[in-house]
Amino acid sequence: MTSTFPDISISTERLVLRALDEDDIPALAEMMNDEMVAAWTSVPQPFTEDGARTWITEYAPTERTAGRGLDLAVTEFLTQRLVGIIQLGKTNWHVRSTELSYIIAPWARGEGYASEAALATAQWLFGDQKFERIELRTAADNTASQQVAQKIGCISEGVLRNACIARTRTEDGAWVDLRTDFIVWSLLPEDLEGVGEQLADTGGFTSFSDWN
């Protein structure tokens with residue numbers, strides 16, 4: 001069995017998920033400097049275009065070829081604008097499991113792009129790549145991310161107490177670390193049964209404000 005992810009493109013009704021390229025540098029840097037992204041991720045702040053270039057040209061290709069993970073640009077099918085990122089990491093090829101995370105640009109939130117992109121990635125992992133488990137970890141207070149996990153069929157497995165470091169602003173505008181809990185979610189192939197139909201019954205992907 002393969003131990004690296006292929007260089008692929010995944011299409012949905014509204015989105016194209018593809019490899020990051022250097023044309024994405026300005027949009028990626030802008031997205032990563034958003035307040036909510038800074039609060040709930042470990043992305044360095046401020047996030048520069050040089051940092052975006054290093055991510056795209058060095059980090060992401062190395063993660064893929066080493067078999068550790070996969071970084072995908074989430075783009076609108078019609079406009080080709082970068083609306084977010086899907087990231088796979090901590091991949092175990094023997095167990096056929098990986099950890100999935102998502103970030104959506106602030107201007108694109110409320111459209112359901114995170115759940116649409118995450119569901120498409122999960123279907124590809126279970127179908128084409130024969131994975132058996134996807135794991136998500138959401139900060140205890142990150143309700144938007146938890147809603148995405150629930151929407152695509154994830155099951156909450158428990159809490160990792162004090163395992164997450166988020167960030168908050170001080171009065172002088174600096175970022176400081178804030179320790180909190182992780183909620184652990186899992187998704188198995190059988191959990192996807194009927195998810196597409198349920199989304200159609202509830203009006204599609206746009207019920208929640210998805211951002212990461």
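**Helix 1.** I looked up which residues of helix 1 (residues 25–32) are buried, and found Ile25, Leu28, Ala29, Met31 and Met32. Buried means under 20% relative accessible area, with a 1.4 Å probe and protein chains only. Helices are DSSP runs of H or I with at least four residues, and strands are E runs of at least two, numbered from the N terminus. Seen down the axis, the buried residues of helix 1 fall within an arc of 165 degrees, so they line one face of the helix. The arc is that of the directions from the helix axis to the C-beta atoms. I then noted what these residues pack against: helix 2 (35–40), helix 3 (49–65), strand 4 (82–92) and strand 5 (97–104).

**Source.** The model is predicted: local features need pLDDT of at least 70, side-chain atom pairs count only at pLDDT 80 or more, and totals for chains, interfaces and linings use all residues. Residues are numbered from 1 along each chain as its sequence is written, and side-chain values use heavy atoms, leaving out hydrogens and water.

**Thr138.** I found Thr138 in strand 6 (residues 133–139). Thr138 is buried, with a relative accessible area of 2%. Leaving aside neighbours within four places in sequence, its contacts (heavy atoms within 4.5 Å) are Ser145, Gln146, Asp181, Phe182, Ile183 and Trp185.

**Whole protein.** I counted six helices and eight strands. Buried residues make up 48% of the 212 residues. The C-alpha atoms fill a box of roughly 50 × 35 × 35 Å along the principal axes.

Terms used. Buried means under 20% relative accessible area, exposed over 50%, partly exposed in between (1.4 Å probe, protein chains only).
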